[in-house]
Structures are given as structure tokens and as C-alpha cells.
Amino acid sequence: MKLLSLTCLILFCKPLFAQKIDSTALNNLRDAALEFQNSEIMRSGSLAISVKAVKERANVFGLHQELSLPSASTLKLVATATVLAVFGGDFKYQTFLEHDGQVKGDSLIGNLYIRGTGDPSLGSDRFTGFLKSAELINRWVAALKKSGIKHIKGKVLPDASFFDNSTVASTWIWGDMGNYYGAGVQGLNFNENLYRAKFKPGVEPGDPATFLGIEPAIPYLTFTNQVTTGERGSGDKTILYSSPLGNRVVLTGTVPAGQATFSVKGSIPNPAEYAAFALKTALGNATVSIYDQNLPASGAPPAAIQRKVLDEYKSPALRELCQQTNFWSINLYADTFLKQAGKRLSGQSDFDNAAKAVTSYWLGKGADLRGFYIKDGSGLSPSGSITAGSLTEILNLANKDASFDDFYKSIAVLGQNGTVRNLAKGTKAAGNVHAKSGSIEGTRAYAGYFTSRAGTLMSFTIIANKYMPGSQRIVSDELVKLMSLMAQL
């Protein structure tokens, strides 16, 4: 009965382009999908597939494509498609060094600010020709000294007010938020909001691992180390616990034996505060005196207080940021894009309202988004869900936008680059299928585009959910097999 019911859910291509689809290849895809769905691995799980012709917006193949399932990181395609459509690929973020008050002689009677506009790449080392965090701090020190200021009779402050105060989605889990991939989003992000914690593993599994400190140094953070030594080759099995705006971090899990040192990535709580701290420290080292005085109120509302800009720094173009997001699945960037789009579309940047604004944007373009219940831009939230059909709807509509070329190029190619660079080599999918991968506990997914044998651009989404525990590798191999069969249509 299960096989019969699944067969009834298979959708077929429309007559408009039916003659362009190889019927044998379509049958092979159908048979492989049904075989996998009926396997023991998927006994208690669901396999959802949607394949559509992009320009015709017509179904070519579908299986359970209306089930609402976790998206994992395939949701980054929605975040990047939206922000590119709304802002364009040439858009660049701006970050400002500025001050209020007055300059009298070599003294600033006022506060120095780093004011962000949401740039997730500020201080990142990913982009050739752009300043890393330490270089950026040096630039700001030089800008202040060039202005002739040697004394700050006020404070060095971060201005992260461009976005709301909800740095993380309320639906994220506690075990994610202290780790790099769970970094919160602020109006002022810095160094991708990450630090690296270094450990010296013990000799044998079970031995305590010595905590050697973090880079960059953040002396106001406190650490409780519970990390032990794991088996050789076991990799990073740590979980870092911290609140988004707190200063205490608990280090748990294991690091592998057999290495002199081993580093893991954590998320900086309140990265805006860290950026100001780093600048203040560098200014002190450059003999700029900072008095940390609370200045008397001017009587004017905060919005009316004028600031003088000492330095303006621009990010790489948005198309480059989106490519890094989709190639390497950077949660911080995708969640920034959600907030940025939400602020432009609705005036509200908190996760809930931004998600509603992005959903409304694609609904307004005619997408069928029944079952599309997103909670963030990255797909990190386990309670967010989409349907395979709704994601291919958005992928098809993105093709009509002027920014589509930038979006298409931002998606990695199977067998060539990004997180899918080692997949499907030696098959028809390699070099053809542009795919964003996604994985969270119990879910493996891929989505993107491929070109059929007749030259038709197709969109696709595949989601495997609640498969047998411990079978992740087998599930990934099966999904790659399905993408290889798609490429033969």
C-alpha cells in the first residue's frame, strides 16, 4: 500500500515541454526515488522531491512535494535570492568611525563610535583585497590620529542600532548558540563574530584536554573547561555554551588525541562590544588617552545629535557575499540578509517579522508558499519548515529577476566547488548541477538548478527527513544518486 500511495503522488511534466524530457530517464528517477523512500532507512521518514522547469514553472517530477519539512541550509537560497533581488549585486555595506561632541585642540570632548549597517563580512579574512580585523582596527587608529585627536574625554562605543536587539532567533537551540555556526547577528558584526579556542589534547581518550586560551584575546570572557580527549581522528566533537549577550562560556565535548594542539570555533557574545573593546585597546597602545567619562547630556534627543565621520569602510559587493554564503554555508551572512531584507521590506528587522516580510515578498510575486514556515535565514532553527515545492517556486521566480545571474553564480557546482565539490564526480551531475547542501540533525537536503539534456533550465529540491539514525552517509549518497539521475533528464 505504501508503494501504491507514493506512486499516486508522482507528478508529471506538462505537454508544453513533455517532448523535451527523456521518458526513460524520468522513469529511472521515479524508480530510484520510490526505492529509497521504501527502504528500511526511510521506514519512519519522508523523502520529498520537486523538479520543475524554470521558465514554464511547470512540474516535471514530484514526490511528497507538499510536505512541510525542515529546510536545513537550503534556506540560504531564499535569503540570498531575496537580498539580491531587493538590493542588487552591486550593493555594499558601510561601516563608519565617527564622533559626537567637539574637538578642542587635540582633545575630543565627546564619544567615539564604530557604527555598523549590518555588514557580516567586516574584518573577515575571506576576501582578497579587504581588511582583516586587525588591519581594520589599525585603519581606524590611523584615521583618529590623522584628525589630530590624542585624548578622548568620553567613551569608545559600538553603535549596532541598525538592527533590532534580537541577535538570535528564539527558536534556535541552546547547544548551537555558543558555536561559530550559531553566531548572533548585530548591526555591528566583526571578524564574523568568531573566536578560536585552542586545546592541548591528552594522551589517551578520556584524559582532560588543556584549554590554552582563545584568539583573539577577549579578557572579559570567562571560560569553564570540561573538554576531554577523544579517539584519534574523531575530529571536533565540542559544544560551546554561552548566551548571546553574556560573558561566560562553558566548553564541553571532546577533541581528538594525537595532535599537539586543536582549535575549535566559538561565537563572540555581543560582537559589537568586542569591536569597541579592540579599538579602545589599540588606541591605548597608540598612546591615545581615553578617559571613559560620562558626558553631561546635551538636552537634544539622541537622533538629533550630529556626528562627524572620520572614516567610511565599504564591504565587498553583495554578489560576492552571497557567493561565499552559498558556497560555504555561512549562517551569519544568511541571517544578516534576512534581517536586512526585512528592514527594507517592512521596516522591522527582528527574525519573526523579517521572516514574514520575506514570505510576503515571494507571495507577492505569485509563489505558492503553502507549508512555508521559516524562522530565520540560515535554516538553523529546527522548528522552521518548507515544502520542496515552495522552494522550487521561489527558485523559478528568482529567474525572472534582474539579479538572477549573480544568484545563479552564487550556488556551488557539484564536483567542482563549495561544500559540494567532492560530490558526484564522474557522473552527469558534475559540472551541471548547481546545488546548495543542507544538513541538521535528522535532515539532509539539496536544492538548486540543473540543465536538462535538451538545454532546459530546471529547479529542484530534495529533502530527506527522519531517516534511521546513524545513516547520514548512506542518505547523502542516495541523494547524490538522485541528483545524478536528474541530470540525465
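His 64 counts as buried, because its relative accessibility is 16% and the cut-off for buried is under 20%. The residue sits in the loop between β3 (58-63) and β4 (68-69). Although His 64 is not a glycine, its phi is positive, at about 50°. The model in which this is seen is a predicted one.

The protein chain contains 13 helices and 23 strands. Its radius of gyration is 25 Å, close to the 23 Å that the globule rule gives for 489 residues, so the chain is as compact as a globular protein of that length. Along the principal axes, the C-alpha atoms fill a box of roughly 80 × 55 × 35 Å. Of the 489 residues, 55% count as buried. The chain exposes about 20,500 Å², and carbon and sulfur atoms supply 50% of that area. Among contacts between residues at least 6 apart in sequence, 72% join residues at least 24 apart.

One of the sheets is open and has 4 strands in the order β10-β8-β5-β19, with mixed pairing. Its edge strands are β10 (156-159) and β19 (308-314), each of which pairs on one side only. On average, and ignoring direction, neighbouring strands of this sheet are turned by 20° against each other. Strand β5 (residues 94-99) runs antiparallel to β19, and 6 bridges join the two. Within this pairing, Leu 97 has Asp 311 of β19 as its bridge partner. Helix α5 (residues 133-146) packs on the sheet and touches β5, β8 (112-115) and β19, its direction making about 155° with that of β19. Helix α7 (residues 271-285) packs on the sheet as well, touching β5, β8 and β10, and its direction makes about 150° with that of β10.

Helix α7 can be followed in more detail. It has 15 residues and reaches 21 Å from its first C-alpha to its last, close to the 21 Å expected at 1.5 Å a residue. Its buried residues are Pro 271, Ala 272, Tyr 274, Ala 275, Ala 276, Ala 278, Leu 279, Ala 282 and Leu 283. An α-helix has 3.6 residues a turn, so residues three or four places apart point the same way. The buried residues of α7 pack against β5, β8, α5, β9 (151-152), β10 and β18 (289-290). Just after the helix, Thr 287 takes a positive phi of about 65°.

Another open sheet has 3 strands in the order β12-β11-β17, with antiparallel pairing. Here β12 (210-215) and β17 (262-267) are the edge strands, each pairing on one side only. Neighbouring strands of this sheet are turned by 30° against each other on average, direction ignored. Strand β11 (residues 194-200) pairs with β12 in the antiparallel sense over 5 bridges. The bridge partner of Ala 197 in β12 is Ile 214. A cis peptide bond joins Glu 215 and Pro 216, with omega at about 0°. Pro 216 has its place in the loop between β12 and β13 (222-225).

Asn 247 belongs to another loop, the one between β15 (237-241) and β16 (248-256). With a relative accessible area of 32%, Asn 247 is partly exposed, as that class lies between the cut-offs of 20% and 50%. Leaving aside residues up to four places away in sequence, Asn 247 touches Tyr 220, Leu 221, Thr 222 and Glu 273. Asn 247 and Ser 349 are 102 residues apart in sequence, and their C-alpha atoms are 25 Å apart in space.

The last element here is helix α9 (residues 331-346), which has 16 residues and reaches 22 Å from its first C-alpha to its last, close to the 22 Å expected at 1.5 Å a residue. Helix α9 is mostly covered, with 12 of its 16 residues buried. Among the buried ones are Tyr 333, Phe 337, Leu 338 and Lys 339. Their cover includes α4 (76-87), α8 (318-328) and α10 (351-364). Just after α9, Gly 347 takes a positive phi of about 85°.

Conventions: Residues numbered from 1 in each chain as written. Predicted model: local features only at pLDDT ≥ 70, side-chain atom pairs only at ≥ 80, totals over all residues. Heavy atoms only, no water. Pairing = 2+ DSSP bridges. Axes fitted to C-alpha atoms, helices over the stretch in contact; angles between N-to-C directions. Contact = heavy atoms within 4.5 Å. Rg over C-alpha atoms; globule rule 2.2 N^0.38 Å. Buried < 20%, exposed > 50% of the residue type's maximum accessible area, 1.4 Å probe, protein only. Areas by Shrake-Rupley, 256 points an atom, 1.4 Å probe, with all protein chains shown as cover. Expected span 1.5 Å × (residues − 1).
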